[in-house]
Amino acid sequence: MKATLIIEKRGAGYILDLFSDRATKRGERCGLTPHAAATSASRYLAQLTYSGAAVVAPPDVMEHIPEHLRNIEPDNGKA
């Protein structure tokens, strides 16, 4: 199952929701600026290579997330 990471603007900052087969996180604060939110999201995405991941975020956050982490295909045990 591919994980999904959703970032939203909430109040003065950003929150994230993570849905994966190993964890679910809802409403976790991930920063006050687009750069801080992207950094937090990138940390999660880098750990989700085993199952694959997709990210949905506002354009101002998405521009700070590295291209190779925006849509990760599942590893499927390939090394």
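Leaving aside neighbours within four places in sequence, Ser40 is in contact with Leu16 and Cys30, contact meaning heavy atoms within 4.5 Å. The model is predicted: local features need pLDDT of at least 70, side-chain atom pairs count only at pLDDT 80 or more, and totals for chains, interfaces and linings use all residues. Residues are numbered from 1 along each chain as its sequence is written, and side-chain values use heavy atoms, with hydrogens and water left out.

Ser40 lies in helix H1. Helices (H or I, at least four residues) and strands (E, at least two) are DSSP runs, numbered from the N terminus. Ser40 has a relative accessible area of 15% and is therefore buried. Buried means under 20% relative accessible area, exposed over 50%, and partly exposed in between (1.4 Å probe, protein chains only).

The strands form an open sheet of 5 members in the order S3-S2-S1-S4-S5, with mixed pairing. Strand S3 (24-31) and S5 stand at the edges, each with a single partner strand, so one side of each has no neighbour in the sheet. Two strands pair if DSSP finds at least two bridges between them. S1 and S2 run antiparallel and are joined by 7 bridges. Arg10 stands opposite Gly13 in S2. S1 and S4 run parallel, with 4 bridges. Here Leu5 has Val55 of S4 as its bridge partner. S4 and strand S5 (residues 71-72) run antiparallel, joined by 2 bridges. Ala53 stands opposite Ile72 in S5.

Side chains alternate along S4. H1 lies across S1, S2, S3, S4 and S5, and runs at about 140° to S3. Axes are lines fitted to C-alpha atoms, for helices over the stretch in contact, and angles run from 0 to 180 degrees between N-to-C directions.

The largest nonpolar core has 21 residues. Such a core is a set of buried Ala, Val, Leu, Ile, Met, Phe, Trp, Tyr and Cys residues joined through side-chain atoms within 4.5 Å. Leu5, Ile7, Leu16, Leu45, Val61 and Ile65 have the most contacts inside it. Strand S1 (3-10), strand S2 (13-19), helix H1 (34-46), strand S4 (53-56) and helix H2 (59-62) each supply at least two residues of this core. The largest share, 5 residues, comes from H1. Not counting residues up to four places away in sequence, Val61 touches Ile7, Tyr14, Pro34, Ala37 and Ala38.
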